[in-house]
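Open the model in your viewer and keep the selection tool at hand. The tour goes stop by stop.

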Amino acid sequence: MAANPIYLGVIGVGGVGTAFLSQLARLPNAPKLILLARSSQTLLAPTPAYSAIPAADWATASAAPSLTKAGALPADEIATYLAGAPGRAILVDNTSDINLARQYPTFLKKGISVVTPNKKGFSDDISLWKDIFSSAAQGKALVYHESTVGAGLPVLSTLKDLVATGDEVTRIEGVFSGTLSFLFNTFAPASGSSNAQWSAVVAQAKELGYTEPDPRDDLNGMDVARKLTILARLAGLEVTSPDSFPIESLIPTELASLPSSADGISQFMTRLPEFDSQMSNIKDTAEKQGKVVRYVGSIDVGAKNVTVGLQYFDKDSAIAGLKGSDNIISFYTKRYGANPLIVQGAGAGGDVTAMGVSADLLKVVERLQ
Ligand SMILES: NC(=O)C1=CN([C@@H]2O[C@H](COP(=O)(O)OP(=O)(O)OC[C@H]3O[C@@H](n4cnc5c(N)ncnc54)[C@H](OP(=O)(O)O)[C@@H]3O)[C@@H](O)[C@H]2O)C=CC1
Ligand SMILES: N[C@@H](CC=O)C(=O)O
Ligand code: NA
């Protein structure tokens with residue numbers, strides 16, 4: 001244990017949360033886990049001892065007899081509990097909950113640093129973005145969210161380094177969704193052929209843990225729009241919200257009004273096969289031109305223009321040739337000239353996303369000590 005112990009609260013033990021916990025259990029110099037929550041239950045290390053919760057997984061942790069067990073706690077109670085620990089505290093939010101994200105300023109003002117792959121807060125209204133960073137300054141706390149774009153790929157750190165060292169970023173473009181990359185790479189591969197139905201590949205992406213908790217957030221383009229909002233803001237554009245530019249949706253209009261509940265997700269997945277021909281038609285149109293279709297985004301910093309949607313690509317292009325859930329993100333800058341700085345690799349999945357969260361956590365621990 002370090003000279004100044006650092007305390008950790010973790011909320012969310014789904015695909016990313018579970019992978020994060022198993023990485024945490026192996027981290028050198030890991031902070032002391034004193035709070036672990038899922039949507040219906042919270043485990044707390046009793047005060048004043050704050051004995052560490054075993055980080056291996058939820059099942060092991062919840063079996064520990066010494067812990068206090070509560071139902072879902074309001075964010076301000078969690079913040080008060082963490083702020084009461086006898087050292088600096090960090091919150092890791094592994095949920096996709098916008099309401100929790102809206103409470104980041106409460107945590108930060110109390111000096112609790114935030115590490116998260118949850119993109120909702122950083123892509124919500126610009127007022128929340130400003131509140132998060134001014135609250136961090138006020139509470140002398142840190143905010144790291146690398147996995148909000150490109151999962152664990154070094155996308156935000158690269159962009160921040162470019163900006164901080166005075167380069168001029170002119171354009172950022174590429175494939176920003178692991179789910180949509182996997183869907184198109186599998187459904188419409190650049191080499192060989194595929195008979196896979198669109199709905200079956202969507203179900204596979206969900207099973208592999210690539211999709212958002214609600215896969216419609218991937219298919220409607222909102223997940224990509226949120227990532228582009230975050231990148232645009234870091235590049236200096238005041239994008240007011242992720243719906244302030246046009247977004248092409250791949251949700252069949254007939255299914256657009258299903259409820260956003262768990263039942264709505266299940267109805268959507270059940271009915272999606274009825275509309276497989278819509279995506280097959282798009283694939284065939286590209287095929288007739290000797291091309292493949294892919295879902296891409298771009299930010300033209302000078303023109304303050306953001307685009308999100310389908311485009312056709314030559315089969316020998318870098319974007320057409322991506323594999324699996326790969327993202328590819330090209331940064332065009334004054335220094336790099338005509339040859340962009342490119343970041344490429346898996347852009348979704350529990351382990352690679354948790355890697356970004358764990359690496360951020362290590363950075364925060366290092367800076368707090
Ligand atoms: N999956 C991926 O490849 C990537 C994911 N991300 C982001 O990571 C985050 C997590 O994704 P993922 O693990 O796939 O999602 P999951 O749906 O698998 O897990 C979400 C977890 O959050 C918990 N949860 C939700 N709301 C609350 C709340 N208010 N309080 C406490 N717990 C809550 C759920 O609880 P319960 O277990 O009780 O249901 C569940 O444990 C999301 O923000 C996602 O956008 C980012 C990059 C890539
Ligand atoms: N659902 C997202 C997960 C990572 O952000 C994606 O598919 O890219
Ligand atoms: Na990243």
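This is a predicted model: local features need pLDDT of at least 70, side-chain atom pairs count only at pLDDT 80 or more; totals for chains, interfaces and linings use all residues.

## Starting at helix 1

Helix 1 and helix 15 cross in a right-handed way.

Residues are numbered from 1 along each chain as its sequence is written, and chains are lettered from A and ligands numbered from 1 in the order in which they are written.

Select residues 15-24 for helix 1 and residues 350-368 for helix 15. Their axes come within 8 Å and cross at roughly 55 degrees. (Axes are lines fitted to C-alpha atoms, for helices over the stretch in contact, and angles run from 0 to 180 degrees between N-to-C directions.) That makes the pair oblique. (Under 35 degrees counts as roughly parallel, over 145 as roughly antiparallel, 65 to 115 as roughly perpendicular, and the rest as oblique.)

Now show the contact residues. Helix 1 brings G15, V16, T18, A19, F20, Q23 and L24. Helix 15 brings G350, D351, T353, A354, M355, V357 and S358. (Contact means C-beta atoms, placed from the backbone, within 7 Å.) By class, this contact has seven nonpolar, six polar and one charged residues. (Ala, Val, Leu, Ile, Met, Phe, Trp, Tyr, Cys and Pro count as nonpolar; Asp, Glu, Lys and Arg as charged; the others, Gly among them, as polar.)

## Ligand 1

Which element gives the most to the shell around ligand 1? Helix 1 does, with three residues. In total, 30 residues surround ligand 1, and the closest are G12, G14, V16, S39 and S96. (A residue counts if its C-beta atom, placed from the backbone, lies within 6 Å.) The shell divides into eleven nonpolar, 15 polar and four charged residues.

## The annotated region

Next, pick T95 and K119, listed by UniProt as "binding site" in an unreviewed entry. They are spread over 25 residues of sequence but cluster in space, with a largest C-alpha distance of 9.6 Å. T95 sits in the loop between strand 5 (89-93) and helix 4 (98-101).

Most residues other than glycine have a negative phi, and most peptide bonds are trans. Go to N29, in the loop between helix 1 and strand 2 (32-37). N29 is not a glycine, yet its phi is positive, about 60 degrees. Then zoom to T47 and P48, joined by a cis peptide bond with omega about 0 degrees. P48 lies in the loop between strand 3 (42-44) and helix 2 (58-63).

Select ligand 2. Around it are A151, S177, G178, T179, Y210, T211, E212, D218, D223, G347 and A348. This shell has three nonpolar, five polar and three charged residues.

Finish with helix 9 (residues 178-187) and helix 10 (residues 198-207), which pack at about 140 degrees with axes 10 Å apart. Their crossing is right-handed. T179, F182, L183, T186 and F187 of helix 9 meet W198, V201, V202 and A205 of helix 10. Seven of these are nonpolar, two polar and none charged.

Terms used. Helices (H or I, at least four residues) and strands (E, at least two) are DSSP runs, numbered from the N terminus. A crossing is left-handed if the near helix is turned anticlockwise from the far one by less than a right angle, and right-handed if clockwise. Two residues are in contact if their C-beta atoms, placed from the backbone, lie within 7 Å. UniProt positions are given in the numbering used here, feature names are shortened, and annotations may be inferred rather than shown by experiment.
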